[in-house]
Amino acid sequence: MQGLMQERPLSLPLVLRRVERHFGHKRVVTGRADGETEATWAEVCGRVRRLAGVLDELGVPDGARVGTFGWNSQRHVELYLAVPCSGRILHTLNHRLFRDQITYIVSEAADDVIFVDRSLLPVVWPLVGGFPSVRHVIVMDDGADASLPGDPRLLDYETLLAAAGGSVRELAVPDEDTAAALCYTSGTTGNPKGVLYSHRSIVLHALLLLMVDTFGIRERDVIMPVVPMFHVNAWGLPYAAMLAGSDLVLPGPAMAPGQLVAQMERQRVTFTGAVATVWRGIRPLLSGHDLSAMRMIVCGGGAVDDALSRAYQDAIGVPITNAWGMTETSPVVTTSYLATVHDGLDAVGRRLVIGSPGPAVPLTEVRLVSDDGAQAPWDGTSPGELQAAGPTIAARYLGESTPGTGFTSDGWLKTGDVATIDPHGYVRIVDRTKDLVKSGGEWISSVELENAIMADPRVAEAAVIGAGDPRWGERPVAYVVPRSGAGLTAEQVREHLVPLVARWWIPDQVVFVEEIPKTATGKFSKRELRSWYWRDAGTGPEHDAGSASTAATKE
Ligand code: AMP
């Protein structure tokens, strides 16, 4: 017997109608190089309906991909709504990827039109010749003075919107499984792969972010996604803000640490999320700003080192909360919170709990699978590959008719991360499968070693890779950025590690560099570091001349 409840699709027009009807007076603020702009959600939603009409006028077919190259801005939010709510697919593109990757992605997705912030036009326009499917490039003028090529394909966002006049387009998506958005994985190995989100997966994910033991996003919040809107729906925060009715604060191109922290102070931001690199950049500026409105800072996409979290706790009373996810998982699968089982912990213990990835959010499930294919126990020490399943997790990649090698035969996503899970379900990431260092037959966690090195106040950043060793198979090599004026030596790095890690984990090689190379999404690029290593060892693949490693001193 079937239930007798209404079948209403979980689709984004529901989110649009809610923020428009209930929270029209709340605000969307966007940073610019020269200040800020502000609009109400009512104004934004009116523009969204006109923008859907513009897509009709341009003849963008149902289900077509609409590419975006944009900073976090009000116009990007308008695209986040207008494109999927009118039956097209929002394809956010990362302008920091290599040119060949961008061309590959736009071609594979066969984008019909693309929207570009004017400040990004100098990066994007030279590539447009390699985008055969793209009929129009619509420029969003963000105040940059980048010149506009005289080309009939180029159109202006505000001119199109003004021409759309007062047209009010009915926005409805009857089938919740319709594709809504497309994002490519950052492709650490091989070609990037497309992850195609549905209306249902996005709405469910936004709802999960509102739960009190997830991010607890609420009407009173002032939400600032620093994580770029080209990356996994900027963690779902814009949609969560719409559902909850929060103010949304967006940095626009004003992404320098000083500009970010000033905007957080000015707008009395209560909740923000970014990768650890951003939090490290802001850390030295904390004492000069009033961030007393802040209630939660989330670090996603990588581990939180406790030294960083402690610095935030000491300066503004808010330690950093960790969350784990992937492009394939919408992305939030786990985020930490203090449960009743942690009641006895002291302040440091509590900080360590919330600085770990934490348990799976409701509706998603995780498991650990060991090398022999058996499930590993949840004892907090047995490692295994983390696998995930749930309605917000990809079933296969774009272009795959059946799930490929990234998925198990029973439909779980193989994450490629090695983790442990404690008896209460708290996940700890040990490493990426390919980033573990195997020394003398024993695994060394490069993540734990990096965090131990970064616990030294004389260290700004550190990343560890494994390098071939005739005796041990592999040995860890540490790349370290000393804090300015620290005058750090390799011996001091090793001495600092003695009480923190097993003796055989201590790296023989410590390489001082000016900067750790980052991926397009701001994570440490282990691939780039490996190529530095091979170049410096003189035996490996060629590497671009002039990288920051030229400033390296090896000890
Ligand atoms: P992406 O698809 O670009 O978001 O990258 C996902 C990968 O980032 C994961 O598979 C992990 O290797 C890494 N990652 C994400 N969150 C965390 C975290 N909290 N701790 C450690 N690694 C993480």
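How much space lies in the second largest cavity? The second largest cavity holds about 50 Å³. Here a cavity is a set of points, on a 1 Å grid over the protein atoms alone, where a 1.4 Å probe fits but cannot get out. Its volume is the space filled by probe spheres set on the points, with grid points joined across faces, edges and corners. The model is predicted: local features need pLDDT of at least 70, side-chain atom pairs count only at pLDDT 80 or more, and totals for chains, interfaces and linings use all residues. Residues are numbered from 1 along each chain as its sequence is written, and side-chain values use heavy atoms, without hydrogens and water.

Lining residues have an atom within 4 Å of a point. Those of the second largest cavity include Trp 71, His 95, Arg 96 and Met 255. By this rule there are three cavities of 30 Å³ or more. Of its 13 lining residues, Asn 94, Leu 97, Cys 183, Tyr 184 and Phe 230 are the closest to its centre.

Polar contacts are pairs of N or O atoms within 3.5 Å. A backbone N or O atom of Ala 323 lies 2.8 Å from a ligand nitrogen. For Gly 301, the corresponding backbone distance to a ligand nitrogen is 3.3 Å. A side-chain N or O atom of Thr 327 is 2.7 Å from a ligand oxygen.

Definitions and conventions:
1 Å grid on protein atoms, 1.4 Å probe; cavity = no way out; pocket = protein on both sides within 12 Å on 5 of 7 lines; lining within 4 Å. Polar contact = N/O pair within 3.5 Å; in protein donor to acceptor, adjacent residues only side chain to side chain.
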